[in-house]
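I opened this model to look up a few things. My entries follow in the order in which I made them.

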Amino acid sequence: MNEKVTLTPANLTLRHPELGTGPVPADAYWKPGFYQRELDAIFKRAWMCVGRVEQAAKPGDFFQKPIPTFDFSVIVARGKDKQLRAFYNVCQHRGNHIELRDHGHCVAFTCPFHGWTYGLDGKLVGVPDEQAFFDLEKTKLRLKELPLEVWEGFIFVNLSPEPPMTLTEFLGDHGKDLEGYPFERGTAIFEYEGTFNCNWKCMVDSFCETYHVPVLHRHSVKDTLAGPDNPHGRLIDIRLKGPHRTQSVWGNMAYQPNPVQGLAFRNAPGPSITSGAVDESIVLPKGLNETRAPNWSIDVTVFFPNWIIVMGSGMYFTHQMWPLAPNKVVWQMRGYMRPATNAAQRFGQENSMVELRDAVLEDCNTLERIQSSLDQGLISEFIFHDHELALRHQYHVVQQWVNDYERDLKKTKKAAKKADKKSVKNK
Amino acid sequence: MATLNPKPASRLPKDFSALECWLDDWELADSTARHEKRLTTPLADTRAFYDALLPQAEAVLAYLATRKLGKLAANDERLLKLMLALAEIGPAIEWYGTGDYPDAFDARRFPLTVTLSDTAPQGQPT
């Protein structure tokens with residue numbers, strides 16, 4: 001054993017006594033009633049990442065982001081005033097989609113049904129045969145806009161017209177501590193997408209512990225993220241910040257790549273995510289490998305509720321989970337690599353695309369089997385390892401958001417009722 | 001008068017013409033086609049391709065490092081596509097020992113929805 005390698009002891013959970021150490025109920029992973037409460041309390045109120053600023057760089061550029069959970073799509077467009085705005089892709093005339101392309105450039109959006117036309121700022125600017133309508137108030141018929149804010153080039157929207165907090169407040173230290181990472185350098189983009197039969201939290205869990213790496217990933221990344229010096233896949237560290245969490249993943253610095261993999265690592269335009277190599281040309285932000293461990297490979301950083309960035313120093317990729325039902329989820333994995341200039345670098349990129357896909361596909365059968373056990377009532381609680389703390393944290397945050405929201409709603413309703421009674425009395 | 005058959009044009013850069021016999025099977029349109037090829041090819045055939053390409057791969061990559069994306073000659077493109085196929089099958093040989101996936105997960109359920117061109121120049125950060 002390499003004497004320099006020290007493993008993080010099993011005491012991460014004890015830093016957070018409020019989370020406890022006992023088993024965690026599994027109800028939240030299958031109950032239809034709870035699923036609906038999650039949508040109302042979390043998905044309609046938390047900030048959701050929908051893309052990057054480069055996707056609408058110039059005035060007139062736009063892109064669409066489908067939101068599978070709610071079966072609608074958001075258009076993000078840059079106006080003549082250079083402002084980014086987000087709109088529901090819904091014509092105010094009869095509800096058709098105003099834009100069918102997934103991205104493009106235009107001066108206005110024209111509904112392909114009757115030709116109603118909207119400016120890039122959402123204003124209704126053209127109605128064919130306008131005289132034949134009755135009392136049409138065009139100024140009130142703007143495209144319905146969503147709150148939009150940007151963090152480090154990532155565009156977030158909120159489905160609540162009055163978000164409970166700003167994006168900066170929502171991201172808190174978790175966002176602040178990652179600022180300065182060269183996200184904008186990852187311009188070579190690929191994405192995989194699929195629908196899986198499991199709860200959205202089950203899918204998030206899949207990327208938030210490495211206890212399973214030596215066993216489930218024994219064919220692939222076992223020797224990079226675990227290996228003989230770390231036989232049980234201990235993490236370096238887990239940091240909980242508000243509703244968000246980051247885990248720093250251990251890397252086997254003595255790993256010898258396979259032949260094709262080694263060729264790819266040497267020819268990639270930046271350190272590949274599975275290589276554990278560090279790009280010395282960048283300064284890591286405070287929140288990335290925060291303990292500055294020498295045997296660091298990647299950080300898995302979860303932005304509550306459904307967006308994860310897996311960051312190495314040379315490339316990063318994101319996971320996004322969109323629930324469709326208590327036991328169904330759309331999963332998108334998007335990679336951001338440094339651009340290749342020559343053909344050998346393109347080979348290095350292909351290896352990253354292939355290895356990432358292959359490694360994550362190893363998780364999929366397991367996730368669907370867990371869900372079957374849950375749906376059949378064959379497991380009622382989860383027993384978490386110390387280094388599965390991120391899963392325990394997710395459980396508590398979800399409960400907290402649902403409970404807080406419902407308590408506030410009750411209060412608001414009570415106050416409204418009281419006000420109603422008062423006004424009746426006064427009449 | 002007998003006409004001389006013109007010598008067929010080389011389909012790969014001349015230092016690598018020995019690899020031409022693999023083009024019919026492994027020069028494929030894009031990443032999705034390469035994945036499909038891996039899933040449907042018997043492992044012995046995949047291994048034969050791997051064994052033929054790997055000893056030359058270092059030299060091929062040294063050559064490809066001198067070729068700019070967006071300015072590739074047809075021969076260079078074909079050579080790159082063989083190497084991209086090698087990237088695709090690498091894990092089948094080096095990780096799994098099977099063309100599909102351990103535990104029989106159907107990989108077609110997670111297709112590429114945004115992909116990179118094999119040969120086009122890539123946007124640099126602005």
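**Entry 1: a sheet in chain A.** I began with β2(A) and strand β12 (residues 154-157) of chain A, which pair in the antiparallel sense over four bridges. Strands pair here if DSSP finds at least two bridges between them. Helices (H or I, at least four residues) and strands (E, at least two) are DSSP runs, numbered from the N terminus. I looked up C49(A) and found F156(A) as its bridge partner in β12(A). The open sheet has three strands in the order β2-β12-β11 (chain A), with antiparallel pairing. β2 (48-52) and β11 (148-151) of chain A stand at the edges, each with a single partner strand, so one side of each lacks a neighbour in the sheet. On average, neighbouring strands of this sheet are turned by 35° against each other, direction ignored.

**Entry 2: provenance.** I note that this is a predicted model: local features need pLDDT of at least 70, side-chain atom pairs count only at pLDDT 80 or more, and totals for chains, interfaces and linings use all residues. Residues are numbered from 1 along each chain as its sequence is written, and chains are lettered from A and ligands numbered from 1 in the order in which they are written.

**Entry 3: positive phi.** Most residues other than glycine have a negative phi, and most peptide bonds are trans. I looked for exceptions. E152(A) is not a glycine, yet has a positive phi of about 50°. E152(A) sits in the loop between β11 and β12 of chain A. With 17 C-beta neighbours inside 10 Å, E152(A) counts as partly exposed. The scale: buried means 20 or more other C-beta atoms within 10 Å of the residue's own, exposed 12 or fewer, partly exposed in between, with C-beta atoms placed from the backbone. D135(A), also not a glycine, has a positive phi of about 50°. Its place is the loop between β9 (124-126) and β10 (145-146) of chain A. D135(A) has 4 C-beta neighbours inside 10 Å and therefore counts as exposed.

Entry 4: How many residues of strand β17 (residues 307-311) of chain A are buried? Five of the five are, so the strand is largely enclosed by the rest of the structure. W307(A), I309(A) and M311(A) point one way, I308(A) and V310(A) the other. Strand β16 (residues 296-303) of chain A runs antiparallel to β17(A), joined by five bridges. T301(A) has I309(A) as its bridge partner in β17(A). β16(A) and β17(A) form a hairpin with three residues between them. P305(A) lies in that loop between β16 and β17 of chain A. I checked the bond between F304(A) and P305(A): it is a cis peptide bond, omega about 0°. On to strand β18 (residues 316-325) of chain A: five bridges join it to β17(A), antiparallel. M311(A) stands opposite Y316(A). The hairpin from β17(A) to β18(A) goes through four residues.

**Entry 5: two helices crossing.** I looked up helix α1 (residues 32-43) of chain A and helix α9 (residues 389-426) of chain A. Their axes come within 9 Å and cross at roughly 80°. Axes are lines fitted to C-alpha atoms, for helices over the stretch in contact, and angles run from 0 to 180 degrees between N-to-C directions. α1(A) and α9(A) are therefore roughly perpendicular, the class for 65 to 115 degrees. R37(A), E38(A), D40(A), A41(A) and I42(A) meet residues of α9(A), including W401(A) and Y405(A). Contact requires C-beta atoms, placed from the backbone, within 7 Å.

Entry 6: Chain B has four helices and one strand, in the order α-α-α-α-β from the N terminus. Of its 126 residues, 34% count as buried. The contact takes 42 residues from chain B and 39 residues from chain A. α3 (43-64), α4 (74-96) and β1 (112-114) of chain B each supply at least two residues of the chain B side. The largest share, twelve residues, comes from α4(B). Strand β13 (residues 188-196) of chain A and β1(B) run antiparallel, joined by two bridges. Y192(A) has L112(B) as its bridge partner.

Definitions and conventions:
Contact = placed C-beta atoms within 7 Å. Parallel < 35°, antiparallel > 145°, perpendicular 65-115°, else oblique.
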